[in-house]
Amino acid sequence: MARAINSEIKAGRGSPHGGIFLDIASRRTPEYIRKRLPSMYHQFKELADVDITAEPMEIGPTCHYVMGGVEVDPDSAAARGSIEGLFAAGEVSGGMHGSNRLGGNSLSDLLVFGRRRAGVGAAEYATKIGERPKVAQSDVDEAVTEALAPFTRDSGENPFALQAELQQNMNDLVGLIRTADELEQAIKRLQELAARVHNAAATGGRAYNPSWHLALDLRNMLLVSECAAKAALMRQESRGGHTRDDFPKMDPVWRKVNLICKLDESGVQVVKQDIPEIPTRLLDLFEIDELHKYMTDEELTRHRDGGSLSDTTAASEGGAVNGVRRETARLARRRRGW
Amino acid sequence: MGYDAKLRVWRGDDEGGELKDFTVEVNEGEVVLDVIHRLQATQAPDLAVRWNCKAGKCGSCSAEVNGRPRLMCMTRMNTFTEQETVTVTPLRTFPVVRDLVTDVSFNYEKALEMPAFQPPAELKPGEYRMAQVDVERSQEFRKCIECFLCQNTCHVVRDHDENKPAFSGPRMFIRAAELDMHPLDAAENRKEFAQESQGLGMCNITKCCTEVCPEGIHITDNAIIPMKERVVDRKYDPLVWLGSKIFKRAGA
Ligand SMILES: Cc1cc2nc3c(=O)[nH]c(=O)nc-3n(C[C@H](O)[C@H](O)[C@H](O)COP(=O)(O)OP(=O)(O)OC[C@H]3O[C@@H](n4cnc5c(N)ncnc54)[C@H](O)[C@@H]3O)c2cc1C
Ligand code: SF4
Ligand code: SF4
Ligand code: FES
C-alpha cells in the first residue's frame, strides 16, 4: 500500500499536500465508520475539519515501527554482545517480526516476551549473580562528564535544528523506497552530522530540560540511523518494509541472513550472519507451493514434498497457486492495519 | 498562509515564575503544540513541555490555553484570530515541575486508593463472559486517556489543596462507576466507597469536568449522578428516594 501511494505521488497524481485521497465515505455508512473507526473520525474532524463519513481524507505513508533492534537470545531475551545482564523485549529488540510486523502483533510480542523472556530472564539472572556488581567510580565520573558536556559547549549547535536535519536526511534518503546512490549519500551526510552532533549544546538548567535530553539522545539517533542506512545499502533485495528500487525482487538467498551492526572506532560495521535453519517439522506445516517465494530450492529439499532439487524447481515454475495460498494471502490482508 | 502569532507562555518552576511574550510563526493546519515546539526549537530550547502522541491519545500535553483546560495537540491555531495573544499556562491544580509541566502524582495516588477489579471467586481467568450490552455500557468510561483535565478543572480541588486528601475527583468517579456497572466485579460497595472514601458527596454536579473532557465522556450525567442516586437509594428509605427523584425531575 505504502509503495503504491508513493508511486502515485511520484507520477504526479498526489493530493494538494503531497499525499493521496482515501475515501471510505463512498464505501461504508456513516454509522459504520463512526463505530468502527472512532479515533480516525474524531481526529480528522477535530484537527482538519474533515468529516470522513462524507468526504475523502488526505493521507500519506509514515514511519510506524522499527523492525530492527537489539540482538537478543531468543530464549532468554539477553542481549547478544559484550554487555552482560542487559535484556531487551518489545520494539527495541530486533528480529521478532522479520521484515514486516503484522498489525496487532506488537501487543502480543510485548505481553509474551516482556514477561516470559525479558522479565523472568532478568529476574533469574539477578538472583543467580549473587553479589551485586560494583560500578567503578572512574566510569561514573566519565559518564557524568559526558552527560554534562552539552552545557559546556558555548558555541555549540542547536540540538533541535540538528534533529530536524537528521530527520529530513533519513526521510529523503533512507525512506520508503531506497537506492544505492541515495543510501550512500545518506551515509556521507550522517558522517558529517556526527561531528556536529558531538558539538550539540544545551542551555538552561538540569531540571526537565528538553534541549539537554535531545543533545544526549542525538548520539543514539545518529547511531540507529547509521545502522539502518548501512544495512539497507548492503541488503540488495526488497523485503517487507525495505524496498530497493534498484533490487525490486525478494531474494530467497537474502532471507537466510540477518545483518548485524557492530560499533568500532571507525563507526558502524555491518556483517552478515546466517539465521538458524527452520526445523523440518515447522517447514512441513506449510504447503510447498506457499514456500517457493520465500525459500531457496535447496532449502525446500527438506520439505515433506520437497523431493530432489529438480522436482521443486519444476513445481515452482508451474506457478501453481492453490487455495491454501490464496487463503493465507487473504488472511494476511485482513490482519494488516495498525 | 503562515503568520506570526503572539504567544504568552508561563515560564518558571515550583518557586515561582512569570508569563513571557514571544512571537512565533504559525503555518496552516497547526495546533498549539506545534507552535510550542517551534518556540522551543527556535527561541527557548529549555522550555519544558510534556507530550507524546500529538494525536489526542496519550493525555500528556494537558495545559491551560487562554485559561481553558485543553490538550495542546488538539487545539487548532485557527480557532484564534491572528491578532489574538494565545496564553499557555500549566495546569493550575497540580504543583509545577517546570514551565508547562506539572506533577500529576495526586491522580496516581488516588488511583492507588481505588480498590481494583475484584475477580469473581467461582471463575478462573479465561472463563469470564460478558454480554455485549454490558461491555458497551461501561465502554464510554474506558475512553479516558488520563489527561486529568477534569481533575484540574473541578472547583473542589482547584485552589483548594485542603480538599485533596478527601476527594478523588471525576476521573476516579468514572472508574468507580465503570466497576459498579461491571457484571463480574465481585466488590459490592463501589458507590458506598465513592461516597464515604472518595468524596463523591463533595461534588455538587456543576458539570465543569464534563465540559473539558477531550474524550467527550459524560462524566456527570452518566457516572456521577447515577452513582449519587443509587447511593441515596441504598442509604435511605425507598419512598423518600422516589420522592427526591420525582422532585429533581420536576425541577430539571
Ligand atoms: C501510531 C501507532 C499505532 C500503533 N498501533 C498498534 C496496534 O494497534 N497494535 C499493536 O500491536 N501495535 C501497534 N503499534 C506498535 C506498538 O504500539 C509499539 O511497538 C509498542 O507500543 C512498543 O512498546 P515498547 O514497550 O516496546 O516501547 P515503547 O512503548 O516505545 O516504550 C519505550 C519507553 O522507553 C522510554 N525511554 C526511552 N528512552 C529512555 C531513556 N533514556 N531512559 C528512560 N526511559 C526511556 C520511553 O519514554 C518509553 O516510555 C503502533 C505504533 C504506532 C506508532
Ligand atoms: S461535576 Fe462534580 S466532579 Fe465534576 S467538576 Fe463539578 S464538582 Fe467536580
Ligand atoms: S475523564 Fe476525560 S478529562 Fe478526565 S482524565 Fe479522562 S479523558 Fe481526561
Ligand atoms: S500529545 Fe498525546 S494527547 Fe496531546
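Me: Domain bounds come from an automatic or database domain assignment; which domains does that give for chain B?
Reply: In chain B, domain 1 covers 3-102 and domain 2 covers 105-250. This is a predicted model, where local features need pLDDT of at least 70 and side-chain atom pairs count only at pLDDT 80 or more, while totals for chains, interfaces and linings use all residues. Residues are numbered from 1 along each chain as written, chains are lettered from A and ligands numbered from 1 in written order, and side-chain values use heavy atoms without hydrogens or water.

Me: What separates the centres of those two domains?
Reply: Taken over C-alpha atoms, the centres of domain 1 and domain 2 of chain B are 31 Å apart, and their contact (heavy atoms within 4.5 Å) takes 15 residues from domain 1 and 19 residues from domain 2.

Me: And how much area is buried between them?
Reply: About 1300 Å² is buried between the two domains of chain B, with carbon and sulfur atoms giving 50%; this is accessible area (1.4 Å probe) lost on putting the parts together, summed over both.

Me: Which domain 1 residues lose the most?
Reply: Pro69(B), Thr93(B) and Phe94(B) do, and together they make up 44% of what the domain 1 side buries.

Me: Switching to chain A, at what angle do H6 and H8 pack?
Reply: Helix H6 (residues 159-173) and helix H8 (residues 210-234) of chain A, both DSSP runs (H or I, at least four residues), pack at about 20 degrees with axes 9 Å apart. H6(A) is therefore roughly parallel to H8(A), a term for angles under 35 degrees.

Me: Which residues touch there?
Reply: Among them are Phe160(A), Leu166(A) and Met170(A) of H6(A), and Leu214(A), Leu218(A) and Met221(A) of H8(A).

Conventions: Axes fitted to C-alpha atoms, helices over the stretch in contact; angles between N-to-C directions. Helix = DSSP H or I, 4+ residues; strand = E, 2+ residues; numbered from the N terminus. Parallel < 35°, antiparallel > 145°, perpendicular 65-115°, else oblique. Domains from an automatic or database assignment.
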